[in-house]
Amino acid sequence: MSSQRVLPSPPPLKPEQESPDHTSSRATSHTKARTRLSIAERKHRVGNAIVTIVLSLGAVVMVAPLLWTFSTSLKTREGVFALPPQWIPDPFVWENYLRIWSAGPLLTGIQNSLIVAGTVTIVGTLFSALASFAFAKMRMPFKNVLFLSLLAALMVPFPTLMIPQFTMFASIGWVDTLLPLIVPFIFGNIIMIFFLRQYLNSVPDSIIEAARIDGASYLQIFFKLIFPIIKPAIAAQFILWFMAVWNDYLAPIIYLNSPEVQTLQLVIANFNAQYAIQTDYPLIMAASFVALLPVLIVFIVFQRQIIESIALTGSKG
Amino acid sequence: MSTTTRRSRLHRQEHLTALAFVALPVIGFLLFTLYPMLFSIYASFTDWNGLTPPVFSGLDNYITMVQDPYFLESMYNTFFLMLGIPIGLVISLALALAMNRKMRGSTFFRTVYYVPVISSIAAVAILWQWAFNGDFGLINQVLALVGIDGPNWLQDTATVKPALIIMAIWKGLGFSMLLYLAALQSVPRHLYEAAALDGAGAWKQFRHITVPMVRPVTFFLVVTSIIAGSQVFVEINIMTPTGGPEFSSATIVWYIWQKAFDNLQMGYASAMSIVLGLMVFLITFIQFRLNRRNQFSID
């Protein structure tokens, strides 16, 4: 409660900043306008108060399942079944967060997820950026045909491809390794190519031509000139892609069986199946909460970039 | 003469470099999209267990499919779960309108509502499975506070689909809200001012300015939600591992997955995956056509 008070307190200017914007067109030096302004302002404030209350109630609904998870993760096994329910754990069992590491391959799950998501996004981003540069700024034969076929691939849902992909990788012995989760995706991400190409369209051709006249190769132009320009766009797309790979479940469940190769999402799903039978819900919830944390932290740190690029997605769609 | 050959040599060099830059995504497309897609089409006309070579069987799989009650049920379930889409859109537009006001804390709210979107669906499914627990789950404990004896959500054919819909709305709200918010912020203020001068009340302004101005976003959201909705899998796999009571929460992708990787009926599963692919293609195609028409009417 007190921390909420502290956060939005600083700018006492705010109400004054808001009102001129709202009424400036009508506000004259007339005295009548003055009273009208204050009525409008009061109305605005009452409206804000109501909206804040409604949004707060909604926010409670949004975070309730997460808080419930966290609360469960700190209970004793018996505390979970207490009646009336314990909204706040009694006692707090922080040991649950120690038990999870030996109760299942959680640590290797995190490692595997890092390997997959890291390799796919780092290598894939490089190739996607290079391709987007070529599609946006270079002359080549069949450019539109190639670009449109890549875009068309977006229309094919993964379930339509997964059976042949599985048998392909099975025939070269890659099942139960991380390779089928990495290899198909390091060739580049069409969504990323699309957005970077869009972004590059606003970069003038003349700077590239000037660099060409100075004798720079296309690779040099890409790394020295283009890459710094599109870095913000790359960063946003990179984060989104990383989170998508990190959270993926369908591909891992098809390919991975052994505990030592499973990704984090599979590990927690197995926790869920295994420990629900033993009614060890605190353990399941602690593991799930740990699985949620990395992406949650990334989101909170980069939320401005993430939210901006998502909003952009809608306007481009 | 010599300048033209020089230029054409330069062009050729540019062409080759450009092709090299796009080569990997194109190879990826050929290997991991085009080839599997063609193979899926072929496999859908075969009897195939994934271990021995496929045996051509004509339209058998497709004939089996239309007579398979499980397939029909999973299709029905998949579409039923999409009933949450309009509900989610209405709520998220209302939220976006609320957040579009100039007031404190809207950034904070935006973040809170967006958290479920970035959360992994596996973790979300686990925590909602627990929240829907019939005896000790959050939902029923809250309902008990107001004297309602809640059902055993995920074990009851009548409530398993509503439960999944509630969870899907909760998870998707932040995304559509954000897109609506961006759209609302780009609506020119003078439209509202002019309407207010003409005496249009809040409802009329909403009905005749806001709704038409955010229509492209609504359209985008409907299409992407249908495409995503046709591929629901993770929450079914985790929350109702056997496809729910009397198969009542099995979706089409869940059934494809089960047939292909549990029963090794890969030919049959391929045929169903082709039907799914055609569905998605059709929706996308309609979107492109309608979108083009929308743009014409605005211009």
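Predicted model: local features only at pLDDT ≥ 70, side-chain atom pairs only at ≥ 80, totals over all residues.
User: Why are helix 4 and helix 14 of chain A called roughly perpendicular?

Analyst: Helix 4 (residues 96–103) of chain A and helix 14 (residues 281–301) of chain A pack at an angle of about 85 degrees. Angles of 65 to 115 degrees count as roughly perpendicular. The two helices are therefore roughly perpendicular to each other. Their axes lie 9 Å apart.

User: Which residues make that contact, and what is their class?

Analyst: Helix 4 of chain A supplies A:N96, A:Y97, A:R99, A:I100 and A:A103. Helix 14 of chain A supplies A:P282, A:L283, A:A286, A:A287 and A:V290. By class, the contact has 8 nonpolar residues, 1 polar and 1 charged.

User: What makes B:F247 partly exposed, rather than buried or exposed?

Analyst: B:F247 has 17 other C-beta atoms within 10 Å. Buried needs 20 or more, and exposed needs 12 or fewer. The count of 17 falls in between, so B:F247 is partly exposed. B:F247 sits in the loop between helix 12 (234–239) and helix 13 (252–262) of chain B. Its phi is positive, about 65 degrees, although B:F247 is not a glycine.

User: How do you know that B:L264 belongs to the partly exposed class?

Analyst: The count for B:L264 is 14 other C-beta atoms within 10 Å.

User: Where is B:L264, and what is its phi?

Analyst: B:L264 lies in the loop between helix 13 and helix 14 (266–298) of chain B. Its phi is near 55 degrees, a positive value in a residue other than glycine. B:L264 follows helix 13 of chain B.

User: Why is helix 13 of chain B called mostly covered?

Analyst: In helix 13 of chain B, 8 of its 11 residues are buried. Each buried residue has 20 or more other C-beta atoms within 10 Å of its own. The buried residues are B:I252, B:V253, B:W254, B:Y255, B:I256, B:W257, B:K259 and B:A260.

User: What makes B:M272 stand out in the largest nonpolar core?

Analyst: The largest nonpolar core has 155 residues. B:M272 is one of those with the most contacts inside the core, along with A:I268 and B:A122. The largest share of this core, 16 residues, comes from helix 11 (residues 218–247) of chain A.

User: Why is B:T218 counted as partly exposed?

Analyst: B:T218 has 18 C-beta neighbours inside 10 Å. The cut-off for buried is 20 or more, and for exposed 12 or fewer. B:T218 is between these, so it counts as partly exposed. B:T218 is found in helix 11 (residues 215–229) of chain B. The C-alpha atoms of B:T218 and B:Y180 are separated by 7.9 Å, with the two residues 38 apart along the chain.

User: How do you know that the domains of chain B touch?

Analyst: Contact requires C-beta atoms within 7 Å. By that criterion, 12 residues of domain 1 of chain B are in contact with 8 residues of domain 2 of chain B. The domain 1 side has 5 nonpolar, 6 polar and 1 charged residues. The assignment gives domain 1 (2–62) and domain 2 (69–298). The C-alpha centres of the two domains lie 34 Å apart.

User: How many helices and strands has chain A, and what share of its residues is buried?

Analyst: Chain A has 15 helices and 0 strands. Of its 317 residues, 37% count as buried.

Definitions and conventions:
Residues numbered from 1 in each chain as written. Chains lettered and ligands numbered in written order. Axes fitted to C-alpha atoms, helices over the stretch in contact; angles between N-to-C directions. Helix = DSSP H or I, 4+ residues; strand = E, 2+ residues; numbered from the N terminus. Parallel < 35°, antiparallel > 145°, perpendicular 65-115°, else oblique. Contact = placed C-beta atoms within 7 Å. Nonpolar A, V, L, I, M, F, W, Y, C, P; charged D, E, K, R; others polar. Core = buried A, V, L, I, M, F, W, Y, C linked by C-beta atoms within 7 Å. Domains from an automatic or database assignment.
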